[in-house]
Amino acid sequence: MSAPDTIMSSMVETREFPPPGGFAAQAHIGSVAEYERMYKRSIEDPEAFWAEVAENFHWFRKFDKVLDWRCPNAQWFVGGKTNVAYNCLDLQIERGRGNHTAILWEGEPGDTTTLTYSELRTEVCKFANALKKLGVKKGDVVTIYMPMVPELTVAMLACARIGAPHSIIFGGFSATAIADRVHDANSKIIITADGGWRRGKIVPLKDNVDAAVEQGTSVETVVVLKRCENEIKWTGGRDHWWHDLVEGEADACEPEQCDAEDLLFILYTSGTTGKPKGIMHTTAGYMVYTAYTAKMIFDLKPDDVYWCTADIGWITGHSYITYGPLQNGVTVLMYEGAPNQPDWGRFWEIVQKHKATIFYTAPTAIRALARQGDEIPAKYDLSSLRLLGSVGEPINPEAWMWYYEKIGRKNCPIVDTWWQTETGGILISPLPGAFTLKPGSATKPFFGIDAAVMDSAGVVQPDNAGGLLVIRKPWPAMLRGIYGDMERYQKQYWSQIDGKYFTSDACRRDEDGNFWLMGRVDDVINISGHRIGTAEVESALVSHPAVAEAAVVGIPHEIKGQALAAFVALQVGRAAGDDLKKELLKHVGTQIGAIARPDQLRFTDALPKTRSGKIMRRLLKELASTGEVKGDTTTLEDFNVIASLRDDD
Ligand code: WTA
């Protein structure tokens, strides 16, 4: 990995937006002074700070010690015993929220379901009992590959209730991607559905699971939820209908008393190598941090109808659809389908219909929605909204302004939340009742987060000089490792700048202490807010028999933020052509999933390399985004390669 020593930033943004009238007075944190006081304490005495926050949770056994930190191994709330599902459900019910709506769900075809906290607990307990009957035990990894339906939340909470870590795979991933993840986690059970609705079509989830299991995985049991009633293949003995399993199950299930550091889930994410990393999150630290950040950053109140448009298959859905909001007893709005089904007004129609008060989405969605014109949101009553959020990539100031004016109608603060799969929860974000917002800045670190901008030698950079974003102290929701590869964990996150958490993001801190994120410094590309490692796409291409070598780079894209461009050298004797191009793009789709399919694919005789044999991605990037190469080519091994690439398209 090469990280530039200094990173120039030329962005200047001077517009400022204080909290809109009345917001500060009702907010959990209502002034900068209060934030600063609490922040100072959280950094000077993190153990006292987090011990106090942790009081508000249910513990079977209170922890003995807040933090045991031996870099890179952290243990939070040492000796404590708790259960995250209990905190999401039973604790809320004990606090009088039993009849309050927990999940307000809308399917893409327009069907709706609501579940109160009591009803959700019943469903979770029944399914937890069914899992136990299938032989699932504490510590067994349960793979979940489902559409965005309430049963997905039920499945994850059922796993948490019995102490079985879940590994959720986004429904857009292919059979091969499922097989890889199942194999890595040595998972013996997959929970899926016959299908899910997306853009008026059925995503054949069960077919993909069948194809994955056929690739020689460890899977012995497949649980199938009936959602679309599409025809599926059935393997007797292995496959079980969800509704058959839960029938007659008791509606109570004793929660497992999990250790604070028991594994809660694995979530696979892209890194710089071809192999996705199973990021590990454990019980108590993740529980406390997601609940507390959700409360403070989304300013959650008992009557909020909170809608995060992410899929639960990504970390945003784990932390801020399920675990964070439910622990605050609010109503979580969930939508199954696409933003443009049946038309581009769907999101706003949902906000209007269910009176959503908080709306949290990604810049890529904001750009796509803005492009459809202001008349669309203008048709809807969005007056229920009081707060907006953004996550997944830097939000460009123009998109920010559109969101603020056309959706928030200048009445809603925007929380631009910076975080990662690895961080478990939001690390840098405005507190909406306290901060003056600057479009494009995620503003300041949350309580307990000691963020700094450094060069690659670990020297803190002056104000406004770009550098690498690092976190100098452990925090409760931090990853505990990479499943099965602790060496890679240490190397990737704690060794690049010795003893500090390396985020792989470039950043600038301005004179007021606001952080401006500038994108990744590694070979991870952010497409529509989702991470795709270029190495993964390269391996997928090279796995096709016609391909000798491939290089994949990121290029700017108006809606998606970034897109992929692939350069492919073929095996001797294979001829380039449109059919092969289509075949290769399809191949990437089946190897990884449609999100990883490159927007451009060019054939070339050879790839430009340095004398030491490294592919010169910088040149390819320049070529793919500008159509020419002006950059420094002094280390290039074969100048003719660039010339032929230029002519090729
Ligand atoms: C990027 C998503 C700028 C960043 C929660 C990070 C952001 C990667 C922001 C993690 C933001 C996320 N501003 N960049 N508000 N939020 N990113 O693991 O590059 O899918 O490293 O987690 O997304 O992506 P991941």
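## The second largest pocket

In this predicted model, the second largest pocket has a volume of about 550 Å³. Its lining is made up of 25 residues, and those nearest the centre are Asn-56, Tyr-292, Lys-295, Met-296 and Asn-328.

## Around the ligand

Let us turn to the ligand. It has 17 residues around it, and Asp-416, Thr-417, Thr-421, Asp-505 and Arg-531 come nearest. By class, this shell holds six nonpolar, six polar and five charged residues. Three elements each supply at least two residues of the shell: helix H12 (315-326), strand E20 (414-417) and strand E25 (515-520).

Some of the contacts can be followed atom by atom. A nitrogen atom of the ligand lies 2.8 Å from a polar side-chain atom of Asp-416. On the side chain of Thr-421, an N or O atom is 2.6 Å from an oxygen atom of the ligand. The side chain of Asn-526 also has an N or O atom facing this analysis, at 3.4 Å from an oxygen atom of the ligand. How much of the ligand does the protein cover? On its own the ligand has 530 Å² of accessible area, and the protein covers 97% of that.

## Cavities inside the protein

A search of the whole structure turns up five cavities of 30 Å³ or more. The largest cavity contains about 60 Å³ of space. Its lining consists of Asn-83, Val-84, Cys-159, Ala-160, Gly-163, Ala-164, Pro-165, Cys-258, Leu-263, Leu-264 and Thr-283.

Which elements supply at least two residues each to this lining? They are helix H7 (150-162) and strand E14 (263-269). The lining of the largest cavity counts eight nonpolar residues and three polar ones, with no charged residues.

## Salt bridges

Side chains of opposite charge can pair when their charged atoms come close. The count for this model comes to 37 salt bridges. One of the pairs to look up is Glu-261 with Arg-480, where the closest N and O atoms are 3.0 Å apart.

Most residues other than glycine have a negative phi, and most peptide bonds are trans. Cys-71 and Pro-72 are joined by a cis peptide bond, with omega about 5°. Pro-72 belongs to the loop between strand E1 (65-70) and strand E2 (73-78). Another cis peptide bond joins Gln-341 and Pro-342, and here omega is about 0°. You will find Pro-342 in the loop between strand E17 (331-335) and helix H13 (346-354).

Where does Asp-299 lie? Its place is in the loop between H11 and strand E16 (305-308). Although Asp-299 is not a glycine, its phi is positive, at about 50°.

Conventions. Residues are numbered from 1 along each chain as its sequence is written. This is a predicted model: local features need pLDDT of at least 70, side-chain atom pairs count only at pLDDT 80 or more; totals for chains, interfaces and linings use all residues. Side-chain values use heavy atoms; hydrogens and water are left out. A residue is near a molecule or strand if one of its heavy atoms lies within 4 Å of it. A polar contact is a pair of N or O atoms within 3.5 Å; within protein, one must be able to donate a hydrogen and the other to accept it, and residues adjacent in sequence count only if both atoms are side-chain atoms. Accessible areas come from the Shrake-Rupley method with a 1.4 Å probe; for residues, only the protein chains shown count as cover. Helices (H or I, at least four residues) and strands (E, at least two) are DSSP runs, numbered from the N terminus. Ala, Val, Leu, Ile, Met, Phe, Trp, Tyr, Cys and Pro count as nonpolar, Asp, Glu, Lys and Arg as charged, and the others, Gly among them, as polar. On a 1 Å grid over the protein atoms alone, a cavity is a set of points where a 1.4 Å probe fits but cannot get out, and a pocket is an open set with protein on both sides within 12 Å along at least five of seven lines; lining residues have an atom within 4 Å of a point. Grid points are joined across faces, edges and corners, and a volume is the space filled by probe spheres set on the points. A salt bridge is a side-chain nitrogen of Lys or Arg within 4 Å of a carboxyl oxygen of Asp or Glu.
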